[in-house]
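Colleague: I am new to this structure and would like to learn how to read its features. Could we go through them one at a time?

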Amino acid sequence: MKPSYDQLKKFMESYFRAYNDYAQREETMHLMDKFWSDDFVSVAYMQLKGQSYPLRIVGKKAWQDFLIKGHLTVIEDFIPLEYTIDPEQMSCTARLRIKKFALDTRELLTDADGIAFYRLTITREGKPIIKSLDFYCGDPARFASLYKPENNLVCSEV
């Protein structure tokens, strides 16, 4: 049985809050396990140096490693401005504001806008979980420039 609109809304609100608190540091990343399926796939429509376009990351572990390595020198505030939830299609589309700050000085590096499209599924326990993410940002070159090649960002390809 598919979750109701209210159940999906509660799940997504919890995800949006948890991302800022837990998804950028290795010591708290395990708290995000309940949000992404093991076979999670992320596709970001931006070009990172040395990576293919679009940037495709396959598997929850690869995604978590990418987030940890991508936030060694920056921290971000991930702010959903508005979102729509479709319980029939098991999806959520969110319009985002993403502020990235230098980790050491808290200087604002960029204030970007983005669109995220999440496909959801249901766990064996009947709970919603994110199966995939398609991410688009207003200034992909600026956004991508904050990911440092020296952090050894390696993405899985299908």
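Colleague: How many cavities of 30 Å³ or more does the structure hold?

Modeller: A note before the count: this is a predicted model. Rolling a probe the size of a water molecule over the atoms shows where empty space is left. Here the structure holds one cavity of 30 Å³ or more. The volume of the largest cavity is about 210 Å³.

Colleague: Which residues lie nearest the centre of the largest cavity?

Modeller: They are Tyr19, Trp63, Leu133, Phe135 and Tyr147, out of 20 lining residues. Two or more lining residues come from each of these elements: helices H1 (5-22) and H2 (60-70), and strands E1 (36-44), E3 (74-86), E4 (91-102), E5 (108-122) and E6 (128-137).

Colleague: What is the lining of the largest cavity by class?

Modeller: It has 17 nonpolar residues, two charged and one polar.

Colleague: What volume does the largest pocket have, and which residues are closest to its centre?

Modeller: A pocket is open, whereas a probe in a cavity cannot get out. The largest pocket has a volume of about 460 Å³. Its lining consists of 16 residues, with Phe11, Lys34, Thr123, Lys127 and Pro128 closest to the centre. H1, E5 and E6 are the elements that give two or more residues to this lining, and the largest share, four residues, comes from H1. By class, the lining of the largest pocket has seven charged, five nonpolar and four polar residues.

Colleague: How many disulfides does a search of the whole structure find?

Modeller: A disulfide is a covalent bond between the sulfur atoms of two cysteines. The search finds zero disulfides in this structure. For Cys92, the nearest cysteine sulfur is that of Cys137, 18 Å away. The cut-off for a disulfide is 2.5 Å, so Cys92 is in no disulfide.

Colleague: Are Cys92 and Cys137 buried or exposed?

Modeller: Buried means a relative accessible area under 20%. Cys92 has 0% and is therefore buried. Cys137, at 12%, also counts as buried.

Colleague: Where does Gln64 lie, and with which residues is Gln64 in contact beyond its neighbours in sequence?

Modeller: Gln64 lies in helix H2. It counts as buried because its relative accessibility is 8%. Leaving aside neighbours within four places in sequence, Gln64 is in contact with Met29, Met32, Asp33 and Trp36. With Asp33 there is a polar contact between the two side chains, at 2.9 Å.

Key:
Residues are numbered from 1 along each chain as its sequence is written. This is a predicted model: local features need pLDDT of at least 70, side-chain atom pairs count only at pLDDT 80 or more; totals for chains, interfaces and linings use all residues. Side-chain values use heavy atoms; hydrogens and water are left out. Buried means under 20% relative accessible area, exposed over 50%, partly exposed in between (1.4 Å probe, protein chains only). On a 1 Å grid over the protein atoms alone, a cavity is a set of points where a 1.4 Å probe fits but cannot get out, and a pocket is an open set with protein on both sides within 12 Å along at least five of seven lines; lining residues have an atom within 4 Å of a point. Grid points are joined across faces, edges and corners, and a volume is the space filled by probe spheres set on the points. Ala, Val, Leu, Ile, Met, Phe, Trp, Tyr, Cys and Pro count as nonpolar, Asp, Glu, Lys and Arg as charged, and the others, Gly among them, as polar. A polar contact is a pair of N or O atoms within 3.5 Å; within protein, one must be able to donate a hydrogen and the other to accept it, and residues adjacent in sequence count only if both atoms are side-chain atoms. Contact means heavy atoms within 4.5 Å.
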